[in-house]
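Biologist: Could you walk me through reading helix packing and pockets?

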Amino acid sequence: MNRVSTQFLKIALILIGLPVLALCIFLVPEIAKFAVESFPNIPYLNYFVFVYMYVTAMPFYIALFQAFKLLSYIDKNKAFSELSVRALKNIKNCALTISILYVLGMPFFYFMAELDDAPGIIVIGLIIIFASMVIAVFAAVLQRLLKNAIDIKSENDLTV
């Protein structure tokens, strides 16, 4: 039964990654085109937008890969191991990286919202920031709990 639930979660991770990949392929060029049309006097703005958006997507996919590895550890009955703690630490770091990158990009979102008269752009940026911060806090709590459980387990193993 445990294997079935982890397979379902692995499929869910893949399904989470596909829309972001589609956004990177189809929406990022449109955003870059809009930015160049909005700010024609800024040279190489389209390259900056491409690099920024793809750099912010990389920690997302690294975190998805780490979550996939964590589910694989659970399948192999290695859930209470340092490998799991390391995977949770990497997920936490990726979520913090996404938050920091979007906080740094908020002025750009503000200017885009002002030009297009669409305050929803700022709200989307804030949702991404806060959602990734929630994931970072949750991963940090799980990392700490798992580390404590591993320590207790190793103490019990030494006692017996």
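Biologist: Which way do α2 and α3 cross, left-handed or right-handed?

Modeller: A crossing is left-handed if the near helix is turned anticlockwise from the far one by less than a right angle, right-handed if clockwise. Here, α2 passes α3 in a left-handed crossing. By class, their contact has 20 nonpolar, six polar and no charged residues (nonpolar: Ala, Val, Leu, Ile, Met, Phe, Trp, Tyr, Cys, Pro; charged: Asp, Glu, Lys, Arg; polar: the others, Gly among them). Helices are DSSP runs (H or I, at least four residues), numbered from the N terminus. This is a predicted model: local features need pLDDT of at least 70, side-chain atom pairs pLDDT 80 or more, while totals for chains, interfaces and linings use all residues. Residues are numbered from 1 along each chain, and side-chain values use heavy atoms, without hydrogens or water.

Biologist: At what angle do the axes of α2 and α3 cross?

Modeller: Axes are lines fitted to C-alpha atoms over the stretch in contact, with angles from 0 to 180 degrees between N-to-C directions. For α2 (residues 45-75) and α3 (residues 82-116), the axes cross at roughly 160° and come within 9 Å. The pair is therefore roughly antiparallel (over 145 degrees).

Biologist: Which residues line the second largest pocket?

Modeller: A pocket is an open set of 1 Å grid points where a 1.4 Å probe fits, with protein on both sides within 12 Å along at least five of seven lines; lining residues have an atom within 4 Å of a point. Leu-9, Ala-12, Leu-13, Ile-16, Ala-67, Leu-70, Leu-71 and Ile-74 line this one, with α1 and α2 each supplying at least two.

How values were computed:
Angles under 35 degrees count as roughly parallel, over 145 as roughly antiparallel, 65 to 115 as roughly perpendicular and the rest as oblique.
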